[in-house]
Amino acid sequence: WMIYGFIALGTSVIGIGIIALVAANWMSIPDLVKLGGGLLILLGLGIAIVYYQRRGNGPILELFLVLFILLCMASIGLISQVYHTGGALADALLFWAVITLPVATLSRQRFIPFLWVAIFFSALIVRIHTQQLLFPHLSEEGRWLALLIFLPFVSALISSVLGWIPLL
């Protein structure tokens, strides 16, 4: 665990340094380089995920999975920033949840599924509340309360349905 801790620390320090360098020169970097660099990083992480999954190296695979799903979220933000899409955050997070679900199922630890479920349900609840899809007759506080009470039942239903699906 100590070696993995040093690997994670070293990766974090290098990543923060690269982020600081890019942030200092962000406006002078062409959009094509921004998007191409982001997609190349995602491609490299995807290749690393496939390699380490075939090798069976669990902790390194989990590290690459976390990096991949977080960089997918960052790529959505980058595309929004470059093309000035200006969408809602809940919609972006729901889109992120849809595209990262297959990757999240590769994880053998609990962190990635918990992160995915927390972000998915938070975005779903905000989306349902802002569009008034459920309980439109209630006040704003009443809708929040009803949605928060409704959430455990939806979670139990999804868990039951997924428990019936045979694993491949």
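Please keep in mind that the model is predicted. With a relative accessibility of 34%, Val126 falls in the partly exposed class, because that class covers the range between 20% and 50%. Ser122 belongs to helix H5 as well, which spans residues 111–131.

**Val126 and its surroundings**

- Once the neighbours within four places in sequence are set aside, the contacts of Val126 are Ala90 and Trp144.
- Val126 also pairs up across the sequence with Asp91: 35 residues separate them along the chain, while their C-alpha atoms are 9.3 Å apart in space.

- Is Ser122 buried, exposed or partly exposed? Its relative accessible area is 46%, so Ser122 is partly exposed.
- A polar atom of the Ser122 side chain lies 2.7 Å from a backbone oxygen, and the residue supplying that oxygen is Ala118.
- Leu93 is 29 residues away from Ser122 along the chain, yet the C-alpha atoms of the two are separated by 8.8 Å.

**How H2 and H3 pack**

- Helix H2 covers residues 31–55 and helix H3 covers residues 58–83.
- How do the axes of H2 and H3 meet? They come within 9 Å of each other and cross at roughly 160 degrees.
- That angle makes H2 roughly antiparallel to H3, because angles over 145 degrees are placed in that class.
- The handedness of the H2 and H3 crossing is left-handed.
- Sorted by class, the residues in the contact of H2 with H3 are 19 nonpolar, 4 polar and 2 charged.

**The chain as a whole**

- Read from the N terminus, the order of elements is α-α-α-α-α-α.
- Along the principal axes, the C-alpha atoms of the protein chain fill a box of roughly 50 × 45 × 30 Å.
- The protein chain has 168 residues, and 26% of them count as buried.
- For contacts between residues at least 6 apart in sequence, 53% join residues at least 24 apart.

Definitions and conventions:
Residues numbered from 1 in each chain as written. Predicted model: local features only at pLDDT ≥ 70, side-chain atom pairs only at ≥ 80, totals over all residues. Heavy atoms only, no water. Helix = DSSP H or I, 4+ residues; strand = E, 2+ residues; numbered from the N terminus. Buried < 20%, exposed > 50% of the residue type's maximum accessible area, 1.4 Å probe, protein only. Polar contact = N/O pair within 3.5 Å; in protein donor to acceptor, adjacent residues only side chain to side chain. Axes fitted to C-alpha atoms, helices over the stretch in contact; angles between N-to-C directions. Parallel < 35°, antiparallel > 145°, perpendicular 65-115°, else oblique. Left-handed = near helix turned anticlockwise from the far one by under 90°. Nonpolar A, V, L, I, M, F, W, Y, C, P; charged D, E, K, R; others polar. Contact = heavy atoms within 4.5 Å.
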